[in-house]
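Have the structure open as you read.

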Amino acid sequence: MGLWLAVAMFYTATGRAAVTAVPDTLQQRIAACTACHGEHGEGRVKSGFFPRLAGKPVAYLVRQMQNFQNGLRKYAPMEYTVRQLSPAYMQEIARYFAAQQVPYRRSPIPTVSATTLRRGEQLAQHGDPGRRIPACASCHGRRLTGAQPSIPGLIGLPYDYISSQLGAWRSGTRSAPAPDCMAEIAQRLRASDIDAVAAWLASRARSTDMQAEPAGSMSPPMRCGVLNPGEGGR
Amino acid sequence: MSRKAGVVGVVAVLALLGLGAGRLLALGAGFGSTASAAPVVEGPLDRPGLIARGRYLATIGGCVACHTAQGGKPYAGGRMLSTPFGAIPSSNITPDPATGIGRWHFDDFWRAMHTGKGRRGERLYPAFPYTSYTKLRRDDVLAIFAYLRSLSPVNQPRKALGLSFPYSVRSSLLAWRALYFDEGVYQPDPGRSVAWNRGAYLVQGLGHCNECHAPRNRFGAIPRHPRLSGGLIPVLDWYAPNLSAQPGGGLQGWSTQDIVDLLKTGRSARGSVFGPMSDVVVRSTQYMRDDDLRAVATYLHSLPSPPQAPSALPASAGQPRLKQGREIYRQRCASCHGKRGQGIAGVYPPLDGNASVTEPTGINAIRSVLLGGFAPVTQANPRPYSMPPFAQQLDDAEVAAVVSYLRQAWSNNSGAVEAGDVARYRQTPVD
């Protein structure tokens, strides 16, 4: 709101705008983003469908915008907003949100049984080798806070967002360059698994250090186009 | 398509066939002639100067926008073009021999551009705007062909046609063409300036502006007159405003510089580009030479005042709703668009006297409030300002109130919109 007030306008007696100052800042320019994702990309707590962008890796954020442009992710308002942004502008916007450090806020968690939470923890930390489901932690970082340059953290995301995104991977309204390992993993998850892992992840306490792991620190168990852009990627 | 709609469609096409026959006979042997084409010495295609000219012309024509699938290779086709009759895939116009135009001779390409017929003589669907491209001179078409033939071939087979019967039968186009297609290269008006004629040639031909900026009838055709009088873009559901600069026109009060600025940068002191026109500016008009942009403005300035546009909307929203709308405007809109809708030149568009606010349907204002969005990213404006989307913050009645208010505030005098209109456009796809 402060931002809007900063758009100071003064009028002369004739009523014509004499001095008009629009802040020449990126923050002012990207009102289309911050209206839903928050001025610092903190996301919207009341609705899990407007995810936090703050602190996510730059390359991850750029790729998501590209995916909305090229049809790999489907959500009409986002497709409309980013459709003609240039690579340079997307990079600048991504750097802005990646650099934001704002506290995580706890989002509502559905009431689930202890068994469900244990299943969620099992999937997140160890996976389910019998069904060839790798652990979330094998790619998203030991602390599940993501890994540079392009793997997002999972801690701090709302239940609604995680479960709806896993559903979107399954139904194909969210996808990534081939080989699309998240799509494969989502296909192997049961609906109850999605519920369990989303509830467990959303219930995790935020640690003081939410930084993504350094680049090269993970050795993913699957071949992923998103991790090896030269390999089958666009 | 429902069965009933299908029957209506068949009857419509039969009626068209009947209607079309007379005109077809009247045209007689003249139909399909290319008598107006100036003779051109068609030398080799791989001349750098010819290719460069063709590239410029193809850019003005905006070919790449339709002939590229979302996330696909440029010019390789495969974008599904939505029409009220179904989806039509764009074709691969890279020089791939098997799936593109690699085996085409120039005469094949000329026939497609000038007469709307494919390589085997099949009638092309007018989603390909040959209705405009027919006005191109043969030397310009040759340059475009040379440019397309210089591209790297992409092997990408054609996608299946998404049209249902009877539109899936290409002979249904026979009558349509007889009624709605005037074949012929642009004929300069000797009474007008060189710039005016250049502008008319670009706007009517390559720019194919009339394909959006004019009303389409229920057969998807554009009545012959008046040109650029504004129209609803079917399926996309955006209103392409009237382009007359005369009193009552959509560009009333626009100077030549305003028009040039808008097409070159995506913004002007009078308005900003949004919706499908963003693609046009980003891919096409921002690369036009200044003399061509000024020529376009010269031509647009000569368009006559529009007839009073019919509006189905109620004249006034009523005092309580306007009061609510004024309050929402004060809280949410005025900090950028100004207390009196005057905007901030070059940053936030004015809403007073803005044709996209006052257009007959109210769709543009409703959808802009819902979607917000960035002004086009152009060479001249690489980091545009944006408008927040209000879809999450305002309900249907609130959007209707603020849109009705700004359509009637200041010097604006357009019909009110209802909450039901807003509900409908909330769900409209963006492409």
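This is a predicted model: local features need pLDDT of at least 70, side-chain atom pairs count only at pLDDT 80 or more; totals for chains, interfaces and linings use all residues.

A salt bridge here is a side-chain nitrogen of Lys or Arg within 4 Å of a carboxyl oxygen of Asp or Glu. Residues are numbered from 1 along each chain as its sequence is written, chains are lettered from A and ligands numbered from 1 in the order in which they are written, and side-chain values use heavy atoms, with hydrogens and water left out.

**Where the chains meet**

Over all chains the count is 28 salt bridges. The R83(A) pair crosses between chains: R83(A) sits in the loop between α5 and α6 of chain A, and D279(B) in helix α10 (residues 276-283) of chain B. Helices (H or I, at least four residues) and strands (E, at least two) are DSSP runs, numbered from the N terminus. Across the interface of chain A and chain B, the rule finds two salt bridges.

There are also 13 residue pairs in polar contact between the two chains, both residues at pLDDT 80 or more. Such a contact is a pair of N or O atoms within 3.5 Å; within protein, one must be able to donate a hydrogen and the other to accept it, and residues adjacent in sequence count only if both atoms are side-chain atoms. On the side of chain A that touches chain B, the elements giving two or more residues are β1 (9-11), α2 (26-29), α3 (31-37), α4 (58-70), α5 (76-82) and α6 (87-99).

The contact (heavy atoms within 4.5 Å) draws 39 residues from chain A and 36 residues from chain B. Together the chains bury about 3,000 Å², 56% of it on carbon and sulfur atoms. Buried area is the accessible area (1.4 Å probe) that two parts lose on being put together, summed over both. R29(A), Y80(A) and Q84(A) supply 26% of what chain A buries against chain B, more than any other three residues.

Most residues other than glycine have a negative phi, and most peptide bonds are trans.

| Cis peptide bond | Omega |
|---|---|
| Q148(A) to P149(A) | about 0 degrees |
| A178(A) to P179(A) | near -10 degrees |

P149(A) is in the loop between α8 (137-140) and α9 (159-171), while P179(A) is in the loop between α9 and α10 (181-188). L144(A), a residue other than glycine, has a positive phi near 65 degrees. Look for L144(A) in the loop between α8 and α9 of chain A.
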